2 protein chains.
Amino acid sequence: MEKTNIAIVGLGTVGAGVARLLLDHGDRTARHAGQTLWLKKAVVRDLSKKRDVDLPAGVLTESLSDVINDPEIEVVAQLIGGLEPARTIMLQLLEAGKDIVTANKALLAEHGAELFTRARELGRSIAFEAAVAGGIPIIANISQCLSANQILSLEGILNGTSNFIVTQMDEKGSSYDDVVRQAQELGYAEADPTMDVDGTDAAQKLAILSHLAFGATVVWSDIPKDGIDRLDPDDLRYARQLGYRIKLIANARLADDGLELSVGPTLVRIGTPLAEVRDAFNAIRVIGDAVGPVFFHGLGAGQMPTASAVAADLIDTAVGRTRLTFQTLEYFSIDQPPRVKLRDADTIVERFYFRLSVANHPGTLSAITAVLAKHKISIASVIQHESEDGATTANRVPLVIMTHATPAGAARRAADEIEALPAISGPVVRLRVKV
Amino acid sequence: MEKTNIAIVGLGTVGAGVARLLLDHGDRTARHAGQTLWLKKAVVRDLSKKRDVDLPAGVLTESLSDVINDPEIEVVAQLIGGLEPARTIMLQLLEAGKDIVTANKALLAEHGAELFTRARELGRSIAFEAAVAGGIPIIANISQCLSANQILSLEGILNGTSNFIVTQMDEKGSSYDDVVRQAQELGYAEADPTMDVDGTDAAQKLAILSHLAFGATVVWSDIPKDGIDRLDPDDLRYARQLGYRIKLIANARLADDGLELSVGPTLVRIGTPLAEVRDAFNAIRVIGDAVGPVFFHGLGAGQMPTASAVAADLIDTAVGRTRLTFQTLEYFSIDQPPRVKLRDADTIVERFYFRLSVANHPGTLSAITAVLAKHKISIASVIQHESEDGATTANRVPLVIMTHATPAGAARRAADEIEALPAISGPVVRLRVKV
C-alpha cells in the first residue's frame, strides 16, 4: 500500500488527538485514503513534557528542521495557535514544499491572504476545516457540497465557550463571573477567555465563512461585534419571559446593497433550532438559493471533534482532493477584488430589545417613548414590573422594550438619546432580536 | 477558461432544475469548478413535451446516441428514475467513457455493486449525492468529511413524503387517506406512493448510507421495515399524550455483535431534534467515535434542493475530486467481503409501544400483563381511558402500553400471543420507541 508521510507541529490537546487517530486507527484512515497515513514526526517545544499520547520512538522532536529538511514528509498538520511563530512556521513549511492542514482560525483571519497566496505560488495547499465550528464540517459543506448555490445567508453559534457560559447562566441563573470560573475549571474556557467571550473568535470564524460563502474579502475586525462578557442575568430572564433565549449569534446576510455581517448577543425565539443549541455545541444555518435552508449541529470544540476535522483534511490532502479544491477556489486571494461589499451596519433593519433602569416617577415612560417615536421606532412589547420587593416607591425600576423592525442606526441613536435622559441611570442595554 | 461538456439524460423535474442551474448560473458553477460547465445535450423521450426550462437550440435531443457518440461530452447527469432502462443507459454511458452523476437511489440500492464495479473497471466514476436526503449533503459528509471516524450510529428521517403525511396527520388530526390525497395534489406524493409510504424508499437510502458509513454490503430488502401506511391517527394522539411524536425513522447502529438496521414508525420524544422535523424536511443524526453527534437538517426532496446536489456532483466530477473519492472508497465493491455483519433483528433491545383494543371486562389486563411477564417485558406506562362517550359499559376500549427496553423478538412474540387472547380484537399495534 502507498504511504504518505505526515508531521504534526504542536502536540497540544488537538495535536495529541490527531496523533491518536493516526496511530490507533491507521486501518481506518488507510481505508478512506487508499493509502497509509504515516506519522513520521511530531514537533514539540519541550521533549520532557508529559503527553496525552504514546508516540513510537523517534517521532517526537524539538526541531522543526527535522520536518522541513525531510523531503519524505509531504503533509504537515500545523497546530500551533496564535499569530507568531505560527505564521513564520507556516511560511517555512510551504517554502519547504509541504501541504498544510491547520486549525488556527486567528492566523487565517489575520494573515490568510498572505498565506494562501504564497501557497498558491508554490503549488501547495492549505486545508482548514478545523478552524471553524470544530467537528461540524462547515468549510467543506459551504465550499464544495453547496457550491451550486448562491449562499443567501448564514447564521450560527460559532463559539462554544460563549455558548456554554450563556447556557449555564440561563439554566442555572448563575452570574457571568461564576460561570466563567466553572468553564475554566472544566477546560471550556482559557485562563484568559477574552477572545472567546468578547466576540473576537466568532468574528474571525465569520470572516472565514464569508470568504467562502460570498467571496467577500472581509477584515474580521471590520465586523461589528459584541460579546457576552457584559451580559446580565436579568436580560436572560426578561428574554425568557418574552419567549426568547439569548445566544451569541454570528450573522451574515446578502442584501441588495451589500453583505450584512454582525456578531452579538441576540434574542432567539425558544423552540427554534438555534435557541436549543446548548453548552459547548455549535450550530450553523445556511440558506442557499437552490437548496433552501440547511442546518448543521455538532460539537464546536474539544480534542476529538477538532481532531476529526484535522484528520479528515489530512486524508483529503493525501488523496489529492484538497489541492483540486484549493486551486479552483478563489478565497483569500489578494488579487481578487471583493465580489460583494459590506453593507453599512446602520442601515440593517432588525428588531431590538432595550433594557433600561428608569426613575419611578411620572413622565418617564412618556419621555422614552417620545425618543423612540422621533426615530420612527415602533414598540412591539413592554415589560415594566413593580420592583421585586413589592415597594411601589422604589427609586428605580427596570423597563424592557421590544421594538418592531427598525434600522440599526436609528436604534443606536435612540438608545444614546434615551441614555442621556435625566430619568435614566446607567447604560441602555441594546440587543438584536432574530426575526 | 477551460470547459467541461455536460449532458443531462432525463429532463423531468430534477433534470430541468439542473439545466437551470447550469444555464442561468454558469458564472457561479464556473467560479466553483475553475472552468465552464457547458450543457451540450439534454436527452428526452418526447421532444414536443412542454418543459420547465428554456434550452438553447440544439441541446434537446431524443437520441441517447447523440451523447454516447460525442467524445466531447465527459460528464452525464443520468436522471431517469426506476431500474430499467436506467440501468442499461448507465452501463452504456460508462462504456462510452462518461463519468456519471445520478439521483436514482433505487437503481443504486438494487444494482449498485454491478454499476460501481463496471465504473471502476472502466476508470470512470459515479457520484450520487442526490440519491439520499435531497439537499442535505449526507453522502459527502459521511464518506469524506467524517472519514476519520468510525461511525457508531446514524438515524434519520429519509423520506419526505412520509414525513409530510405524518406531520399533517399529527398536526391536523386528518386521516391517512385524506393526507395522501392532499400530498398528491401538492406534488409531495406520486400517483402511486407505495415505495415512499411502505418504507421501501427509506430502506434503500439506509442501505446506501450503511455501505458508506459501515462498509456493510446491505441488500436493502433485508432491512426490517414498516411504513406509515397503516398508521392510525389514534397512535399519533396517544403518543402525544405520552410526550412523543411518531416519525418514520431509518436507524443503523453498530453493536458488538453486528449492525442493527431498521426502518419503521417510531415514537420520538417531543423536543428532541428528530421529533421537530416537519413536513417534507429530512434530517440525519450521525454519531462518530471522534466527532461525537452531528446533526443535519434540510429539504429532502423537491426540484431545486435535489438539483443543488446533482450540480455539486457535476462540479466535483469536472474538478476531478469525484474520481479521487470513487477510487479510494470501497463501497459497492462486489469483491470486498462485508466488514460488518447484520445483527439478528430479534436481539435488538428497544422500548416498544403497544396499542390494543380490549374487551372491557374483568381479567383482561391481567391476561395481557401475564403474557408480558412471561416474556420478561417490563411495563413503563399504561393508558386506558374510559370510552370516549363516557359509557363505562362500552364493549371495547383502547389500551396503550409502553414497555421498558426489551429484545425485539420478545416484543414480537408477546404481541402475537396477546393478539391471540380472546379478550383482544383486531391487531396489536407495535411501534419502536427511540431511546
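This is a short talk on how two protein chains meet, and on a few details inside them.

Okay, hi everyone. First, some housekeeping: this is a predicted model, so local features need pLDDT of at least 70 and side-chain atom pairs count only at pLDDT 80 or more, while totals for chains, interfaces and linings use all residues. Residues are numbered from 1 along each chain as its sequence is written, chains are lettered from A and ligands numbered from 1 in the order in which they are written, and side-chain values use heavy atoms, with hydrogens and water left out.

Let's start with the pair of chains. In general, two copies of a chain are related by a rotation about an axis and a shift along it. Here, a rotation of 180° with 0.0 Å of shift along the axis puts chain A on chain B, with an RMSD of 0.0 Å. The two copies are thus related as by a two-fold rotation axis.

Together the chains bury about 3,900 Å², with 57% of it on carbon and sulfur atoms. Buried area here is the accessible area (1.4 Å probe) that two parts lose on being put together, summed over both. On the chain A side, A:Arg31, A:Ala148 and A:Arg321 lose the most area to chain B, together 16% of what that side buries.

What holds hands across the interface? There are 15 residue pairs in polar contact between chain A and chain B, both residues at pLDDT 80 or more. A polar contact is a pair of N or O atoms within 3.5 Å; within protein, one must be able to donate a hydrogen and the other to accept it, and residues adjacent in sequence count only if both atoms are side-chain atoms.

Now zoom in on B:Ser308, in helix 12 of chain B. Is B:Ser308 buried or exposed? Buried, with a relative accessible area of 1%; the cut-offs are under 20% for buried, over 50% for exposed, and partly exposed in between (1.4 Å probe, protein chains only). Among the residues B:Ser308 touches are A:Ala148, A:Asn149 and B:Leu21. Its side chain makes a polar contact of 2.8 Å with the side chain of A:Asn149.

Next, salt bridges: a side-chain nitrogen of Lys or Arg within 4 Å of a carboxyl oxygen of Asp or Glu. B:Asp289 pairs with A:Arg28, the closest N and O atoms being 2.7 Å apart.

Inside chain A, A:Arg432 and A:Glu350 meet in a salt bridge at 2.4 Å, N to O. This pair links distant parts of the chain, with A:Arg432 in strand 16 and A:Glu350 in strand 12, 82 residues apart. Both are buried: A:Arg432 has a relative accessible area of 13%, and A:Glu350 is at 11%.

Most residues other than glycine have a negative phi, and most peptide bonds are trans. But a cis bond joins A:Glu84 and A:Pro85, with omega about 10°, and chain B has a cis bond between B:Glu84 and B:Pro85. A:Pro85 is in the loop between strand 4 and helix 4 of chain A.

Which way does phi go at A:Ala133? Positive, about 65°, although A:Ala133 is not a glycine, and this residue is buried at 1%. B:Lys376 also has a positive phi, about 60°, but B:Lys376 is exposed, at 72% relative accessibility.

That's my tour, thanks!

Note on methods
Helix = DSSP H or I, 4+ residues; strand = E, 2+ residues; numbered from the N terminus. Contact = heavy atoms within 4.5 Å. Least-squares fit on C-alpha atoms with pLDDT ≥ 70 in both. Lists of a residue's contacts leave out its neighbours within four places in sequence.
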